[in-house]
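Subject: Structure handover

Hello,

Here is the structure I promised to pass on. Please open it before you read my notes.

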Amino acid sequence: MNDGTTPTAEALRPHAEDQYAEELALLAAADDRPRPPGWRLSPQAVVTYLLGDGAKVTPKYVGPRRLIEVAVSTLATDRALLLLGVPGTAKTWVSEHLAAAISGDSTLLVQGTAGTAEEAIRYGWNYARLLAEGPTDAALVPSPIMRAMRAGSIARLEELTRMPSDVQDALITVLSEKALPVPELNTEVQARRGFNLIATANDRDRGVNELSSALRRRFNTVVLPMPAGADDEVEIVARRVAQLGKALELPEVPAAMEEIRRVVTVFRELRSGMTEDGRTTLKSPTATLSTAEAISVVTNGMALAAHFGDGTLHPGDVAAGIVGAVIKDPVSDGVVWREYLETVVRERPGWLDFYRAARDA
Amino acid sequence: MPERIYGIRHHGPGSARAVLRELDAHPPEVLLIEGPPEADDLVRWAADDGLEPPVALLGYAVDDPGKAAFWPFAVFSPEWQAIRWAVRRGVRVRFFDLPYGCRVAPPADTSTPPEVATGNAVRTADPIVPPPADPGVPQPADPVASRPVDPIAELAAAAGYDDPERWWEDVVEHRGMPVFEAIAEAMAAIREHAPEDPDDLAREAYMRSVLREERRRHRDIAVVCGAWHVPALTRKVAVKDDTALLKGRRRGKVAFTWVPWTYGRLASWSGYGAGVHSPGWYHHLFTTGDDVVTRWLVDAAGVLRAEGVPTSSAHVIEAVRLAEALATLRGRPLAGLAEVTEAAEAVMCDGEPLRSELIARRLVVGERLGSVPDDMPAVPLVRDLTAQQRALRLRPEAAGRALDLDLRQDTDLRRSRLLHRLTVLGVPWGQRAAARRGTGTFREEWRLAWQPEFAVRLVEGGMWGTTVVSAATARVTRQARDASTLAEVTALVEVCLLADLAEAYPPVLAALDTRAALDADVHHLMAAIPALARTLRYGDVRRTDVAGLATVTASLLGRVCAALPSAAGSLSDEAARQLRDGMDGVHQAVGLLADDSLRERWLGTIGSLAARPGLHGLPAGRLTRLLLDAGRLDGPEVRRRLRLPLTVGAPPAHAAAWVEGFLSGGGLLLVHDEALLSLVDDWLADIPADAFDAVLPLLRRTFGGFDPGERRAIGERIAGGRAAQAGPVVALDIDRAATPLATLGALLGRHLTTTESSDSAADDNSHPPAGEHGHPASGENNRPAAGANDRPAAGEHDHSATAENNRPAAGEHDRPATGANNRPAADVNG
C-alpha cells in the first residue's frame, strides 16, 4: 500500500501485505469457507496465515493457537481487540499481520503517545481550505480510523494506554455506535462492514493512562505471553536474527546457535526467576527481557563480531549486550545480575568463557 | 441378553445421565458396580442424606493404615448416580471389582508392591493411592500401565476434542444412537490393539466370576463399569482360566469408610487428584439442563462480582457471542469448556491472570466439600493416633497435666515427636511449657490437655494422610509451599527436626531455597542461616537430605555475601544493631559449617566491608573484631583501625559505636582475652595526652555498660601487671592436665597436646566448631568467669568425658581447649 513514494523493493521494511502477498493470494485462492462481510479471508484462513500451515505459509507468530483463535473470533464478532503484553511479545507484529490478512491493508495506523491529539482519532482540518472555503468535505482531513471506517477495513492503534484519557474516550462512539459524527458538516461517517479496531497496550505501564471502564468494556483482551519453551524462543530469535541480518546487510556471520541459545537461556532464566532445570530460584531484574531484546542482543553481537571481531560470534560479543539489557536499574539489577553470575553461570559447565566476559563487561 | 453392561466414563456426567436413563427404562434386579467388594456394607449409607457428594470410599489395610486408597464419587459420577438409584428403589448393589484386600496383601512372588495405577487415572473404580508424603510431587509414571488411562478421552482426542464430555455430547448423545452399544464396539476395537495390563486381566477375571455367580441367581442384571472393561466382560472365557488367574492371591485385612471429599481433590492439580480437571464444569453440565454456556458465563460473572469486579450483563452477552464464534471457528456444534474459558478470559478478565484463576478455582474446579453422617465409623488417622497413644502410654485426659520429657530416653523422644506432629496437624494436645533452661537440648516440658474438638480436627486432618506422621508430613509440605516469608519456612525447618518429619525435609528445603531467592531483605537471609547451620552440624535427623541442606545453606550464604555490601550503606543506629546481630549469627554459623571455601568467601566479604569508608561504627567495629579473631588482621593493623575512629575527623557518636562494636561481648572478655586486653591497653596508652580528654567520654560510655565486677576485674588485671599471669600457668600440673586430653581429642576430632592449650585466644577462635558452645567471641565466655561456684547446672551434660573433667584446674569449663584462658578466672574468684 505504497503511495508511490517508495518502491516496495527499496523499503527498509516492507508492509506485511506486500512482503507476504504471495502467501495471502495462495490462501485466498484455496479458501472456500464463508468470509465475514468485508473480510478478504475466512477466519480459519486468517488463523492459518498467522500460524503457518507447515508448507507454503510461514508461521508469523509462534505461540498458543488458542490466542490467535480468540483474537480472530473477536474481530469476527465485530468487537474491538486489545492485545496486551510486556514489550517485545509481538503485539504490534500480530496486529499488523491480522490487519494485512483481514483487510489487505496494515497501514491505517495511529501511534498512541502522550501527545496524540483527538484529530488523530477523529479528523482534522486543512486550515488553508477551511479559511478559504469554510467547513466543507474537501477541507476535512480524515484520520486513519475514519478512513478505515469508510473503507470497511481494520484500523490499528498502537500503545493505546499512552494516549491521554480524553483522547482515548473519543473511541467510545466509534466502537459502540460504529459511527463518527462530524458536527461541523452536520453529517456522520458510518463504518462499513468489515471495519474493526486492533489496539495494543503494554501491561507493564498500564497505570500510565488506565482505560476507562466504558472503553475497556468495548474491547476483548488477549494477553500475548512470553514464549513458552526455550526451543520455541531459540527458533524465534534465530529466524528473526537471520531476517534482520539480511535486511540490514550485515556481513555474514555464521549464526552461532550456541550463543543464541545462551542468550535465550539467560533471558528466560532471569525472566522466570528460575533456572531451566528448575533447581534454583533466582531474582528477576526490573528489565522485561523480551524475545525482541534477545534478538537485538544477538544482532548487536553479530555486528560486533563482523566489524570488530574475527567474524565468529564469541561469548564476549554478546556479554556486553546482555549486561546492558539486564541491568536497567544500576542498584537493584546489579545485585540480581551478580547473584546470577556467581550462583548459576559460574557453576555451569561450558559457560566459563561467558562468565569471565560477563564479569568483566 | 442376561445382563445389560453399561460401559461408562468414570466421572463423566454424560455417562451418568445415560446410565440413569437406561436404568429407568430397564430396572434390573441386581446392580453390579466396579468397586471394592469390601465396601458393600457401606452402600446403604448412600440413602442417608448426611452422605453428600463429593465423598470417597476410603480403604486401608487394618494393620497398616499407611496403605490406603480412595475411590472418590461426585454427584456426576455414573457410579454414584447408579448407587443412589438402586438404594432408593431397594435394588441390591454389589461391588464386583477385585477385592482391595488382594492389593494390599504382600505379593507372593515379586518385590514390587501390587499397588496399581498411582492415582493419575480418571477411572474412579481404580483406587487412588494417596501420595506417600507430598501431594505436590509428581507421581512417577507407572511403567506397566501403557493402556490408555481414559479411553473415552482418547477417542475424543482422536476426534479433535480436548474435552471428552463435549465429545460425548456432540458425537454420542446428539446422534441418538444406542450409547452403550456404540461405546462397547469402540472399546472392543481399541482393545484389540492396546497392550493389556496384567492387573486389568486379574480384575476382569474376578468381575467375570462374580457375574457368573449372579447369573445363576438373577435374570435381570445391570453392570456399571469402566468402558474399558466391557469387551472383557462380554468375551467368552472358560471358568478355569479365570480361576487360574485369581489363584494364589493372598488377601489382606482391610477396612472401609466414607470420608468427605472435595472437588479440589478430584481435580488433577491438587495431589490426591483423580485426573478430573474440571469437576465444577462437570457438575454444571450434569445439573444444568439447557443454556449450558449462558448459565456458566452468568455464574462466572457472579464469581467476579462477588470479588468486587464490576461485570455487567453486557459482558456476559459479549462473552457468549465470543464463545459461540470460537466454537464455529473450531468447527464445533456447541461451545465447550475451552471456549467458555477463553471467552470469559478475553471479555471479562481484561487480561488479568488473577481473575481467570479465580474463575478456574471457584467455578471450573469448584470448592464444594462433601459431608458424611456423624455416626460414620472412625477414620484411620484417629486409629493410628489411638494406637500410638497406647504404645507410648499417653492417655488423653481432659484435665491438664505436666509432662517432663528426657529426650535421651527412646520413649520420651517418641512422645515428643508425636506431640510435635500433632501440633503440626492443628491438634495442640500438648503445649510447650516455657523451658526452665534456655539452652537445654534434651529436656522438654509439656502441658497436656485433651479438648473434645480435637476429634473433629483429627477427622479434618484425615485429608492430609492416614497416619499421624504422613499427615504431618503432608501438612508441613503444604505450609512450606504456601509460606510467604522466609521466616515461616525457617521455622518449618525446625519443625521438621523436632517432629522428625524426614520426608518433609526436601520440599521444605526447596521452599526455603525459593523464599531465600525471592527475599530481597538481607536480614531475613542472615537470620535463616544460623538455624540451618546448627541443623547441619548437630541435627541428628536420620535419612535427612543433608547434602540438600548444605547446598541450600551455601547458596544462602552466597546470596548474603552478594547482598551484604549494598545493605550496609546508610544505616540508622537501629538498623546497624540489627546488621551487627545478623552478622554475628552468620559468622558463628560459618564457623559451624566447617567449610573452608565458604569461610573464605564470608571472611572476604566482611573484610572488604570492614574497610569501607562510611560504614556505620557499630558493624565496622564488630567486623574489625571478627577479622582480628579470625586472624585476618594483625595487631598493628587493628591498632591503626582502632585509632582511626577516635581522630578529629570522626563524629563522636560514630567513634562510640565503633568502640562498642569492637568490644561487644562484654567486659569479661577483656578480663580473659589477654591479647585483646593488651591491644586495647596499648592503644589507650598510645592516645596523646591532649586527645585523651576527648576520647574519655566515649570510653566511659562503652565501659560504663559493663558490670561493676567486670570493671573491677579488668582494673585488677591491668593494675596487677600482665607478667603476674605467668605464675599459675607455670604451676600447671602437666601430667594431670594430660589425662583428659586423649578423651577430649577424640571428642573434638583432632589431636591435642598440652602445649597447644597455651595458644592465644585468636587461635582458639579460629576453631569455632570445637565444642557444643562454640561461639567463643560472644557471651558464652561469661560462663567460665562466673566460676565453679555459681555456674548453673545446665551445662552439666557437656562434660561427660571423664571424672578428671570435674577438677577445676583441668576442665570444669565447657571448652577444655581454652583452658589456658579460663584458668585465670578461677584465680580471680579464688
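This is a predicted model: local features need pLDDT of at least 70, side-chain atom pairs count only at pLDDT 80 or more; totals for chains, interfaces and linings use all residues.

Residues are numbered from 1 along each chain as its sequence is written, while chains are lettered from A and ligands numbered from 1 in the order in which they are written.

Chain B first. It has 38 helices and 10 strands (DSSP runs numbered from the N terminus: H or I of at least four residues for helices, E of at least two for strands). Of its 830 residues, 46% count as buried (20 or more other C-beta atoms within 10 Å of the residue's own, C-beta atoms being placed from the backbone). Among contacts in chain B with a separation of 6 or more, 76% join residues 24 or more positions apart (a contact means C-beta atoms, placed from the backbone, within 7 Å).

Next, the interface. Chain B gives 26 residues to the contact and chain A gives 29. On the chain B side, helices H13 (313-329), H14 (337-348), H21 (505-518) and H23 (546-567) each supply at least two residues. H13(B) has the largest share, eight residues. The chain B side divides into 13 nonpolar, six polar and seven charged residues (Ala, Val, Leu, Ile, Met, Phe, Trp, Tyr, Cys and Pro are nonpolar; Asp, Glu, Lys and Arg are charged; the others, Gly among them, are polar).

Best wishes

Definitions and conventions:
Two residues are in contact if their C-beta atoms, placed from the backbone, lie within 7 Å. A residue is buried if 20 or more other C-beta atoms lie within 10 Å of its own, exposed if 12 or fewer, and partly exposed in between; C-beta atoms are placed from the backbone.
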